[in-house]
Amino acid sequence: MFVALVVIVLVSLLGVSTMKRGSMAEQMGAGHYQSQIALQASESAVESTIGDIGIMQLARLASAATASENVNLSVSGVVAQVTYSFLGNRPAYGWSLDSTGQGASRFVITSLATIPSTGVSTTTQHGVYRINPPTGD
């Protein structure tokens, strides 16, 4: 009888331990899933604004050389903000340095995506050159 009681206690402890491990694995999986959603939202926010010349011009003309924009994504519960930082003009890579005045504006795009319900957030940064027309626009 005593041996049976010890076996039952050991099996119960093993079952409880296994359940705790399963719960921890589920929480880790959910956390990874949420962080991947935030990462994809951050990348999508950059992609949705990278063709917007207006925000680049705002960053070039701003006294702090930055311009921010909130981005509406089709993913519910995710908030994204993109900030463009103007780092100056330079010769364009891959273009010959002839008399056309061809140059490039250098920007760093920082995107922050947050899931407020879980507190997960991801920040990504991209370096971008915009080839300027010969007029310097």
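A nonpolar surface patch, as the term is used here, joins side chains of Val, Leu, Ile, Met, Phe, Trp or Tyr that lie within 5 Å, each residue having over 30% relative accessible area and no salt bridge. All views show a predicted model.

**View 1. A nonpolar patch on the surface.** The patch is made up of Phe2, Val3, Leu5, Val6, Val7, Val9, Leu10, Val11 and Leu13, which together present about 880 Å² of accessible area. One of these residues, Leu10, belongs to helix α1. Leu10 counts as exposed because its relative accessibility is 54%, above the 50% cut-off.

**View 2. Helix α2 and its surroundings.** Helix α2 spans residues 53–61, and its buried residues are Ile55, Met56, Gln57 and Ala59. These buried residues pack against α1 (2–49) as well as the strands β1 (66–71), β2 (79–91), β3 and β4.

**View 3. The hairpin of β3 and β4.** Antiparallel pairing over 13 bridges links β3 (residues 103–115) with β4 (residues 120–132). Within this pairing, Ser111 has Thr124 of β4 as its bridge partner. Four residues separate the two strands of the hairpin, and Gly119 in the turn has a positive phi of about 80°.

**View 4. The protein chain as a whole.** Two helices and four strands make up the elements of the chain, in the order α-α-β-β-β-β from the N terminus. Of its 137 residues, 27% count as buried. The accessible surface amounts to about 9,000 Å², and carbon and sulfur atoms account for 62% of that area.

Technical notes:
Residues are numbered from 1 along each chain as its sequence is written. This is a predicted model: local features need pLDDT of at least 70, side-chain atom pairs count only at pLDDT 80 or more; totals for chains, interfaces and linings use all residues. Side-chain values use heavy atoms; hydrogens and water are left out. Two strands pair if DSSP finds at least two bridges between them. Buried means under 20% relative accessible area, exposed over 50%, partly exposed in between (1.4 Å probe, protein chains only). Contact means heavy atoms within 4.5 Å. Patches are made of residues with over 30% relative accessible area and no salt bridge: like charges are joined within 9 Å, nonpolar side chains (Val, Leu, Ile, Met, Phe, Trp, Tyr) within 5 Å. Accessible areas come from the Shrake-Rupley method with a 1.4 Å probe; for residues, only the protein chains shown count as cover. A salt bridge is a side-chain nitrogen of Lys or Arg within 4 Å of a carboxyl oxygen of Asp or Glu.
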